[in-house]
Amino acid sequence: YAAIECRTRFKQATITLIEQKETLGHLPKNLFQGLANDRVVDHSPIVKEQILSEEYHIDLLLGLKCERLRDHEILLASGKSLSFDKLILATGSTQRSRLAGTTKELSTYWSYKSWQEQDEVIEKIKAAQTIAIVGAGALGIAFASSLAHTKKELHIYERNERPLARYFDADMTPILTRFLQSEQINMHFSDAVERILPHPEKGYLLHTSLGEQVVDLVLVAVNTR
């Protein structure tokens, strides 16, 4: 989207988009809208590689990693260099958690960044009756808000004593807590999830600092950067 905006502002510029993966990324905004409205997620806004190159005349370098930055020059993993006048760093977010898929048999991690992954997690959510959300940051609160209208049993775990601790000061805590309570969301603050294990009868067994809980599905929403 930064590349498209540059094209609208700078008609004659040479614009190059470098991505280390073979495909373009995708923002998960439609995921939460779909969950909140009980509808199929609309993937039509996804920007395709062909649209960028043919409609916006943006040069795509996919499957290439940037190794180093020098003064007005990028060194690529291929050994080639690319000069530039202006540079936009849009490397996005990652999720690196020891809880995210700790064993081959147990996967609790979806990056939510491709439409395939979004469709997969929606199907898992539909099939679950008891859902644990690990983390009461922006991603965790977005999941909780989107699912609050359902009849599913929702639990949100947060190692801090309040939600959105990295985003708001303590004065906002009563407002956020009242909202979560009004939506019948079970809150577990100051309770860190330490291990997630497969359960023989249901989906997952959570070991926390204060106890255990068995749930159908775990949505890991911690350690996003």
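Predicted model: local features only at pLDDT ≥ 70, side-chain atom pairs only at ≥ 80, totals over all residues.

Residues are numbered from 1 along each chain as its sequence is written, and side-chain values use heavy atoms, with hydrogens and water left out.

Student: How many helices and strands does the chain have?

Tutor: Helices (H or I, at least four residues) and strands (E, at least two) are DSSP runs, numbered from the N terminus. Counted in this way, the secondary structure comes to six helices and 12 strands.

Student: What percentage of the residues in the chain is buried?

Tutor: Buried denotes under 20% relative accessible area, exposed over 50%, and partly exposed in between (1.4 Å probe, protein chains only). Of the 225 residues in the chain, the buried share is 36%.

Student: Which strands stand at the edges of the open sheet of four strands?

Tutor: Strands pair if DSSP finds at least two bridges between them. The pairing in this sheet is parallel, and the order is β8-β7-β6-β12. One side of each edge strand is left without a neighbour in the sheet, because each has a single partner strand; the edge strands are β8 and β12 (217-220).

Student: What is the bridge partner of Val-134 in β12?

Tutor: Strand β6 (residues 130-134) runs parallel to β12, and four bridges join the two. For Val-134, the partner in β12 is Val-220.

Student: At about what angle does helix α5 run to β7?

Tutor: Axes are lines fitted to C-alpha atoms, for helices over the stretch in contact (heavy atoms within 4.5 Å). Angles run from 0 to 180 degrees between N-to-C directions. Helix α5 (residues 138-147) lies across β6, β7 (153-158) and β12, and its angle to β7 is about 165°.

Student: Which residue meets Arg-9 in a salt bridge?

Tutor: A salt bridge is a side-chain nitrogen of Lys or Arg within 4 Å of a carboxyl oxygen of Asp or Glu, and the whole structure holds four. At 2.7 Å, N to O, the partner is Glu-5.

Student: How far apart in sequence are the parts that the pair of Asp-216 and Lys-202 ties together?

Tutor: The side chains of Asp-216 and Lys-202 meet in a salt bridge of 3.4 Å, N to O. Asp-216 lies in the loop between β11 (212-215) and β12, and Lys-202 in the loop between β9 and β10 (204-208), so the parts tied together are separated in sequence by 14 residues.

Student: How far from Asp-191 is the nearest side chain of opposite charge?

Tutor: Asp-191 is found in the loop between β8 (186-189) and β9 (193-198). Lys and Arg count as positive and Asp and Glu as negative; His and the chain ends are not counted. Asp-191 is buried and has no salt bridge, and the nearest side chain of opposite charge, Arg-159, is at 9.2 Å.

Student: Which residue has its backbone nitrogen 3.1 Å from a polar atom of the side chain of Asp-191?

Tutor: A polar contact is a pair of N or O atoms within 3.5 Å; within protein, one must be able to donate a hydrogen and the other to accept it, and residues adjacent in sequence count only if both atoms are side-chain atoms. The backbone nitrogen at 3.1 Å belongs to Leu-210.
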